[in-house]
Amino acid sequence: QVQLVESGGGLVQPGGSLRLSCAASGSILSINQMAWYRQAPGKQRELVATLTTGSNPNYADSVKDRFTISRDSPKKTVYLQMNSLKPEDTAVYFCYAIVRTTPSGRTYQYWGQGTQVTVSS
């Protein structure tokens, strides 16, 4: 079993910054991809940023040049540094990972429980 635990959400004023963390634990042989999604009230969950092993990060257009995804592989942790936050960034942010748990090569997808980010004055 694999668990993803997010932290770092909270209330911040427009223009402020937050750093989200997501730590993966459990029976993990390797992590193919870690990503952040978000879901605002009344809206569908949307991709924010992805970090695939061996590839450059990808970002949604709405967060490019403001958000940065990074990963500490030994700690199995992914971060999302969010700068210049806007009210429209308000959402529950979810961590997502594609993980290999057995030598067979099959991968599984996991989600964290989400952390609330509220941008408001």
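**Notes on strand β9 and its surroundings**

1. Let's start with a strand pair: β9 and strand β10 (residues 107–111) run antiparallel and pair over five bridges. Pairing here needs at least two DSSP bridges between the strands, and strands themselves are DSSP runs of E, at least two residues long, numbered from the N terminus. I98 has Q109 in β10 as its bridge partner. The two strands make a hairpin with six residues between them, and G105 in the turn has a positive phi of about 100°.

2. A word on what you're looking at: this is a predicted model, where local features need pLDDT of at least 70 and side-chain atom pairs count only at pLDDT 80 or more, while totals for chains, interfaces and linings use all residues. Residues are numbered from 1 along each chain as its sequence is written, and side-chain values use heavy atoms, with hydrogens and water left out.

3. Next, the core. The largest nonpolar core has 31 residues, and M34, W36, L80, M82 and Y93 have the most contacts inside it. Such a core is a set of buried Ala, Val, Leu, Ile, Met, Phe, Trp, Tyr and Cys residues joined through side-chain atoms within 4.5 Å. Among the elements giving two or more residues to this core are β4 (30–39), β8 (77–82) and β9 (91–100). β9 gives the most, with five residues.

4. Now the rings. The whole structure holds three aromatic pairs; rings of Phe, Tyr and Trp (its six-membered ring) pair if their centres lie within 6.5 Å, with planes under 30 degrees apart called stacked, over 60 edge-to-face and the rest tilted. Y37 and Y96 are edge-to-face, 5.6 Å centre to centre with 70° between the planes. Y37 sits in strand β4 and Y96 in strand β9, so this pair ties together parts 59 residues apart in sequence.

5. What is the angle between the ring planes of Y96 and W111? The planes are at 55° and the centres 4.8 Å apart, so the pair is tilted. Ring pairs link Y37, Y96 and W111 into a cluster. Y96 is buried at 7% relative accessibility, whereas W111 is partly exposed at 38% (buried is under 20% relative accessible area, exposed over 50%, partly exposed in between; 1.4 Å probe, protein chains only).

6. Last, a backbone point. D65, in the loop between β6 (58–59) and β7, has a positive phi of about 70° although it is not a glycine. D65 is exposed, with a relative accessible area of 83%.

Terms used. Helix = DSSP H or I, 4+ residues; strand = E, 2+ residues; numbered from the N terminus.
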